[in-house]
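Dear colleague,

Please find below the sequence and structure that I am handing over to you.

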Amino acid sequence: MKPLSLKTKLVTSRFDETRCWYRDLFRLDLLEECDVPGDKGCILGLGGSAREALLEIYCGEQPFGFSGLSLQFRVTDVDRFPIPDEPRFGCRGPEDRPWGSRYLFLTDPNGISVVVFSGTSL
């Protein structure tokens, strides 16, 4: 049986900063949020009738190593992807890749490589 969707979970001690970074960059809706002692997290995703969860951010007390992790988000046209004009969204690109895609490179508050791309990559 094929999966119906994919949701990625990030556990971070930088919960508030990480939630705002992804929400503001991708204009994601806050679909769910929990903040009770020992359990703090949120689910960001696409709103409207689809309400598709894309990213869960969970508050963890210890720092986690995300070395080598890359989150990649495909968009229709990376050249038209609106990056908020704030230093926290510093980016490189877009750049043409050998396989025909264009990549925009960012780094989230946890040091995770975030790629926004358009083109032929699947």
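Predicted model: local features only at pLDDT ≥ 70, side-chain atom pairs only at ≥ 80, totals over all residues.

**Nonpolar core.** The largest nonpolar core comprises 22 residues, and Y22, F26 and V114 have the most contacts inside it. At least two residues each are supplied by α1 (15-26), β3, β4, β5, β7 (102-107) and β8 (113-118). Helix α1 provides the largest share, namely five residues.

**Aromatic rings.** Across the whole structure, the search returned eight aromatic pairs. One of them joins Y22 and F26: the ring centres are 6.5 Å apart and the planes lie at 15°, so this pair is classed as stacked. Y22 and F26 are four residues apart in helix α1, and therefore about one helical turn separates them. Y22 is buried, with a relative accessible area of 0%. F26 is also buried, at 15%, which is under the 20% limit for that class.

F26 pairs with F81 as well; here the centres are 5.6 Å apart and the planes are at 55°, so the pair is tilted rather than stacked. Because F26 belongs to helix α1 while F81 sits in the loop between β5 and β6 (91-96), this pair ties together parts that are 55 residues apart in sequence. Both residues, F26 and F81, are buried. Leaving aside neighbours within four places in sequence, F26 is in contact with F73, F81, V114 and V116. Ring pairs also link W21, Y22, F26, F73, F81 and F89 into a cluster.

**Largest pocket.** The largest pocket holds about 380 Å³ of space. Its lining consists of 16 residues, with L6, L54, Q72, F73 and R74 nearest the centre. The elements that contribute two or more residues to this lining are β3 (39-46), β4 (52-59) and β5 (70-74). Strand β5 gives the most, with four residues. By type, the lining residues divide into nine nonpolar, four polar and three charged.

**E56.** Is E56 buried or exposed? E56, which is located in strand β4, has a relative accessible area of 16% and is therefore buried. Not counting residues up to four places away in sequence, E56 touches K7, T8, K9, L10, C42 and I43.

With kind regards

Conventions:
Residues numbered from 1 in each chain as written. Heavy atoms only, no water. 1 Å grid on protein atoms, 1.4 Å probe; cavity = no way out; pocket = protein on both sides within 12 Å on 5 of 7 lines; lining within 4 Å. Points joined across faces, edges and corners; volume = space filled by probe spheres on them. Nonpolar A, V, L, I, M, F, W, Y, C, P; charged D, E, K, R; others polar. Buried < 20%, exposed > 50% of the residue type's maximum accessible area, 1.4 Å probe, protein only. Contact = heavy atoms within 4.5 Å. Core = buried A, V, L, I, M, F, W, Y, C linked by side-chain atoms within 4.5 Å. Phe/Tyr/Trp six-rings, centres within 6.5 Å; stacked < 30°, edge-to-face > 60°.
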